[in-house]
Amino acid sequence: MSSPDLAEPVLLSLLGGGFVAAFLHAALPTHWLPFVLVGRAQRWSVARVMTTVVTAGLAHIASTALVGSLIVAAGLALNRWIDGLLPHLSAGLLFLFGAFYLAKASLKRTATAGGPAMDAGEGAGPAVSDRAAFLGLVLMMAVTPGEVLLPIYLSSATEGFWALGLLTLVFTAGTVLGMTLLAALATAGYSILRLERWARYEGAILGGALILIGFLVLAHQH
């Protein structure tokens, strides 16, 4: 694999699309809401919550990069047998994931007017130790690689190791920024219910972004 041309519009588009996909994926409530709730239950400071979020985000991307590297290796091996298959395979996966998130967003029901109760545990002491709570949150993210980012890894497999490394950095920036931003807003007192309502549009936007990246991969192939 050769070093990528950093001025190549296709690579820059993939990096930009990768950042958007990572940020929108991190906007899912499962990527920031547990940190807010555990932080309140444990009576953590904002700094401690943010430290946990960043650590968990890095663990999330590390597992994603590991799985992505294995998929890239398998894809390159398969591409040697069937020349030209890799771009079509990655585009197909991007279309499938995009369609899945679009369908999921269209079927999602409107939240109830009352929303989730957020005061549970406010008056009680921590149920577990701070160390156990921290490790549990980090492990939760480490064992769940970002599945929507994996096809983007595959789409850049032939661009070289530098492209894969840059994608990992972009995924890290988008994921950590999205998680910390929403967790910080909720921890600072911004309505969690309103954040959840905003995140409800994330699926539709993410699905559309993945489909656009898929078309970009196919256009680059031709």
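1. Leucine 149 contacts Ala21, Ala22, Ile61, Thr64 and Phe171, leaving aside neighbours within four places in sequence. Contact here means heavy atoms within 4.5 Å. This is a predicted model, where local features need pLDDT of at least 70 and side-chain atom pairs count only at pLDDT 80 or more, while totals for chains, interfaces and linings use all residues. Residues are numbered from 1 along each chain as its sequence is written, and side-chain values use heavy atoms, with hydrogens and water left out.

2. Leu149 also belongs to the largest nonpolar core, which has 25 residues. Leu149, Ile152, Tyr153, Phe171, Leu206 and Leu210 have the most contacts inside this core. At least two core residues come from each of α1, α3 (46-81), α4 (85-107), α6 (150-155), α7 and α9 (202-221). Helix α1 gives the largest share, 6 residues. A nonpolar core is a set of buried Ala, Val, Leu, Ile, Met, Phe, Trp, Tyr and Cys residues joined through side-chain atoms within 4.5 Å. Buried means under 20% relative accessible area, exposed over 50%, and partly exposed in between (1.4 Å probe, protein chains only). Helices are DSSP runs (H or I, at least four residues), numbered from the N terminus.

3. There is a second, separate core of 20 residues. Its members include Ala27, Trp32, Leu33 and Val53. Leu33 is also one of the buried residues of helix α2 (residues 33-42), along with Phe35, Val36, Gly39 and Gln42. Just after α2, arginine 43 has a positive phi of about 60°.

4. Now the surface. Phe19, Val20, Leu177, Leu181 and Leu185 make a nonpolar patch with about 380 Å² of accessible area together. Patch residues have over 30% relative accessible area and no salt bridge, and nonpolar side chains (Val, Leu, Ile, Met, Phe, Trp, Tyr) are joined within 5 Å. A salt bridge is a side-chain nitrogen of Lys or Arg within 4 Å of a carboxyl oxygen of Asp or Glu. Accessible areas come from the Shrake-Rupley method with a 1.4 Å probe. Helix α7 supplies the largest share of the patch, 3 residues. Leucine 177 lies in helix α7. Leucine 177 counts as partly exposed because its relative accessibility is 42%.

5. Check confidence before reading details. The chain averages a pLDDT (the predictor's confidence in each residue, from 0 to 100) of 77, and 73% of the residues score at least 70. Residues 1-7 are below 50, with 18 contacts in the model beyond near neighbours in sequence. Residues 109-123 also stay under 50, with 15 contacts beyond four places in sequence. Where pLDDT is low, the predicted coordinates should not be read in detail.

Conventions
Patches are made of residues with over 30% relative accessible area and no salt bridge: like charges are joined within 9 Å, nonpolar side chains (Val, Leu, Ile, Met, Phe, Trp, Tyr) within 5 Å.
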